[in-house]
Structures are given as C-alpha cells and as structure tokens.
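This report concerns the fold and selected local features of one protein chain. The sequence and the coordinates are shown first.

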Amino acid sequence: SSHLLGAFLAGLCFCTDADAHAAWQEQVKRVLQWLLKIFFAATIGFEVPVRSFAQPEVIWRAAALCVASVGKIATGLWAVPLRRAEFLTVGFAMAAWGEFAFITATTARDTRIIDDGTFSAVILAVLVSVIVAPTLLRLTLAHSARTAQMRIEDAMAGHGGHGGGG
C-alpha cells in the first residue's frame with residue numbers, strides 16, 4: 001500500500017473529531033495548497049516519462065486505455081433523474097478521477113508488475129483523462145447553467161414578467 005492510503009486512513013479516523021478538525025483548519029489548511037503542489041511535483045510529476053510519449057507503441061496502448069476509460073463515463077447511467085445533462089455530469093466527473101492512478105502505476109512499475117512501455121502508456125492515458133474529462137465536465141456544467149437560465153427566463157416571460165403568482 002502507499003503512504004497516501006495511510007494518510008487517507010488517518011484522516012478517516014479523525015474526521016468526526018471536532019478538535020482535530022479545528023486544529024486542521026487552524027494549522028494545516030493555510031499551507032495545504034502549497035504543500036500539495038510540492039508533493040505532487042516531487043513525487044508524481046517527476047515520474048511522468050514525457051520522452052517516451054512519442055513512441056508509437058506507447059501512443060497505441062494509451063489510445064486503447066483511453067477507449068477503455070469510456071466505461072467510466074458509463075457510470076452516468078446511475079444519475080437520477082437520468083437525463084442527458086445529469087448523465088454527462090456524473091460520467092465526466094467520474095472519468096476525471098485519475099490522481100491515484102499515477103501512484104498505482106508508479107508502484108506497479110517499481111515492483112515490476114508492468115514494464116516501462118506499459119507504464120508510459122498508462123501515464124499518458126491518465127494525463128489525457130485528467131485533462132479532457134474536467135474540460136468536458138466544465139462545458140457540460142456551463143451548458144446546463146445556460147439551459148437552466150433560459151428556462152427561468154422563459155418561465156418568467158410566460159407569466160408576463162410580473163413575477164407574482166408563485
């Protein structure tokens with residue numbers, strides 16, 4: 001297991017302790033963003049094998065993994081109510097989760113479960129996922145907000161713009 005799992009479990013143990021939560025808010029939250037950036041760059045960011053991304057085999061494998069990750073978008077089928085906007089919102093939100101995949105891939109490579117080519121393909125696929133899915137999620141949410149605003153304006157116009165009646 002990883003150090004992150006230990007940190008997660010420690011947080012889980014203390015998540016209902018009001019004193020621990022107050023101490024976290026006072027002491028840690030102020031430097032959290034700065035620490036996260038350094039932690040990510042020093043542990044995960046330096047592991048990204050950018051030079052191998054141009055190899056055809058890595059690109060092909062990463063493309064296959066990206067196609068397989070479409071299954072994450074299918075989790076939108078559990079959105080309630082199941083409408084297009086909700087499906088896309090849930091699907092793209094689930095597809096955007098990839099940070100832990102970096103750690104899993106690095107551990108798999110370090111323990112020789114996967115080779116360097118597979119590692120590069122996994123990292124490339126994860127990078128595509130964590131860039132494309134949040135962008136599509138942002139566009140979906142913006143479209144949903146515009147649609148909701150138009151429906152509100154249409155409803156108000158349908159009532160003659162008086163704003164009364166309920």
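The model is predicted: local features need pLDDT of at least 70, side-chain atom pairs count only at pLDDT 80 or more, and totals for chains, interfaces and linings use all residues. Residues are numbered from 1 along each chain as its sequence is written, and side-chain values use heavy atoms, with hydrogens and water left out.

**Overall fold**

The protein chain contains seven helices and zero strands, where helices (H or I, at least four residues) and strands (E, at least two) are DSSP runs numbered from the N terminus. Its radius of gyration is 22 Å, whereas a compact globule of 166 residues would have a value near 15 Å; the radius is taken over C-alpha atoms, and the globule rule is 2.2 Å times the number of residues to the power 0.38. Along the principal axes, the C-alpha atoms fill a box of roughly 70 × 50 × 25 Å. Buried residues account for 19% of the 166 residues; buried means under 20% relative accessible area, exposed over 50%, and partly exposed in between (1.4 Å probe, protein chains only). Of the contacts (heavy atoms within 4.5 Å) between residues at least 6 apart in sequence, 66% join residues at least 24 apart.

The table compares end-to-end C-alpha distances with the expected span, which is 1.5 Å times one less than the number of residues.

| Helix | Length | C-alpha span | Expected span |
|---|---|---|---|
| Helix 6 (residues 99-110) | 12 residues | 17 Å | 16 Å |

In helix 6, the buried residues are Phe102, Ile103, Ala105, Thr106, Ala108 and Arg109. Those of helix 7 include Phe119, Ile123, Leu124, Val126, Leu137 and Thr140. The cover over the buried residues of helix 7 includes helix 3 (56-68), helix 5 (84-95) and helix 6. An α-helix has 3.6 residues a turn, so residues three or four places apart point the same way.

**Individual residues**

Arg109 lies over the face of Phe119, at 4.1 Å from the ring centre; the criterion places NZ of Lys or CZ of Arg within 6 Å of the ring centre and within 35 degrees of the ring normal. Just after helix 6, Arg112 adopts a positive phi of about 65°.

Gly11 belongs to helix 1 (residues 3-14) and counts as partly exposed because its relative accessibility is 38%. Gly11 and His21 are 10 residues apart in sequence, with their C-alpha atoms 9.7 Å apart.
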